[in-house]
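Subject: The structure you asked about

Hi,

Here is the structure I promised to pass on to you. Please open it alongside this email, and then read on for what turned up.

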Amino acid sequence: MVRLLIIADDFTGALDTGVKFTAKGASVRVITDYEYDFKQAKDSVQVLVMDAETRHVSKDEAYERVYQIAVRAKKAQIPMIYKKTDSALRGNIGSELTAVLHATQSPILHFLPAFPKMGRVTREGVHYIDGMPVDQSVFGRDPFEPVLSASVAGIIGRQSEVPVRIITDGTVLTVAKEPTIAVYDAQTDEELQEIAEELKKHGQLGVIAGCAGMAEALPKLLELTGEQPPQQRFHPHFLVACG
């Protein structure tokens with residue numbers, strides 16, 4: 001049965017997150033139909049990754065699409081939702097996180113945007129790319145969707161009125177007086193792993209968000225492991241062109 005739903009905003013994001021689970025032996029299915037009926041999922045599927053295709057739509061359309069997906073997932077009794085975000089914080093970050101929070105009626109959505117292996121870390125609530133604030137990096141000069149702020153709370157606040165709490169000391173927010181998005185600092189894979197373990201310890205893994213970096217910490221914690229797939233052997237002159 002499906003134990004985890006990952007909602008990505010584009011196909012690349014769906015694949016680079018799903019592969020974290022496949023590599024550990026979990027049974028993963030990636031789908032591109034955001035109106036997919038969860039009842040169609042085979043019993044053998046543990047992780048369902050959905051490409052919601054919301055990266056380039058309006059914030060209102062992104063909210064509605066993600067909201068409906070999360071509502072249907074809740075009705076299907078999928079116990080955990082992971083909202084996959086872009087590691088450079090492009091796209092409709094605020095509206096999509098808010099949609100999941102509202103749809104699940106959870107008091108807290110835990111957001112870990114860092115991907116240390118890719119040089120993308122969060123420090124004091126500011127997101128950095130290779131040591132540079134994201135809005136000053138190449139992503140801040142993107143002609144189609146420039147990232148206009150390095151403050152994670154500021155990026156969320158452009159599309160959401162939900163309160164944002166910045167967590168800088170490695171602790172986990174477990175109580176909130178009103179629906180809240182908790183943003184966690186992380187500069188290493190070890191810090192991501194430690195926060196993930198604390199979230200599990202406090203029963204807070206039901207509604208979380210992040211990029212492929214945080215996803216690496218989840219297969220073992222959620223016991224979504226198994227026999228790892230065999231490595232493919234390619235002809236020595238095999239060429240891959242990736243646009």
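This is a predicted model: local features need pLDDT of at least 70, side-chain atom pairs count only at pLDDT 80 or more; totals for chains, interfaces and linings use all residues.

**Helix H1**

Which residues of H1 are buried? They are Gly13, Ala14, Thr17, Gly18 and Phe21. If you want to see what covers them, look at strands E1 (4-8), E2 (28-31), E3 (47-51) and E4 (81-84), which are included in the cover. Helices H6 (212-215) and H7 (218-221) also belong to it.

**Strand E10**

Next, have a look at strand E10, residues 180-184. Five of its five residues are buried, so E10 is largely enclosed by the rest of the structure. In a regular strand, side chains alternate between the two faces of the sheet. In E10 both faces are covered: Thr180, Ala182 and Tyr184 are buried on one side, and Ile181 and Val183 are buried on the other.

What pairs with E10, and in which sense? Strand E5 (residues 108-112) pairs with E10 in the parallel sense over four bridges, and Phe111 stands opposite Val183 there. Strand E9 (residues 164-167) also pairs with E10 in the parallel sense, over four bridges. Here the bridge partner of Val164 is Ile181 in E10.

**Aromatic rings**

How many aromatic pairs does a search of the whole structure find? It finds three, and I describe two of these below.

One of them joins Tyr36 and Phe38, which are edge-to-face at 6.1 Å centre to centre, with 75° between the planes. Tyr36 is buried, with a relative accessible area of 4%, and Phe38 also counts as buried, at 10% relative accessibility.

Another of them is formed by Tyr63 and Tyr67, and this pair is stacked, at 5.8 Å centre to centre and 15° between the planes. Both residues lie in helix H2 (residues 59-75), four residues apart, about one turn of the helix.

The charged end of Arg65 sits over the ring of Tyr34, 4.0 Å from its centre. Arg123 lies over the face of Tyr128, at 4.2 Å from the ring centre.

**Two loop residues with positive phi**

Finally, please turn to the backbone. Glu53 has a phi near 50°, a positive value in a residue other than glycine. Glu53 lies in the loop between E3 and H2 and counts as partly exposed, at 39% relative accessibility. Asp130 has a positive phi of about 50° too, although it is not a glycine. Where is Asp130 to be found? Its place is in the loop between strand E7 (126-129) and strand E8 (132-133). Asp130 counts as exposed, at 62% relative accessibility.

Happy browsing, and do write back with any questions.

Best wishes

Key
Residues are numbered from 1 along each chain as its sequence is written. Side-chain values use heavy atoms; hydrogens and water are left out. Buried means under 20% relative accessible area, exposed over 50%, partly exposed in between (1.4 Å probe, protein chains only). Contact means heavy atoms within 4.5 Å. Two strands pair if DSSP finds at least two bridges between them. Rings of Phe, Tyr and Trp (its six-membered ring) pair if their centres lie within 6.5 Å; planes under 30 degrees apart count as stacked, over 60 as edge-to-face and the rest as tilted. A charge sits over a ring if NZ of Lys or CZ of Arg is within 6 Å of the ring centre and within 35 degrees of the ring normal.
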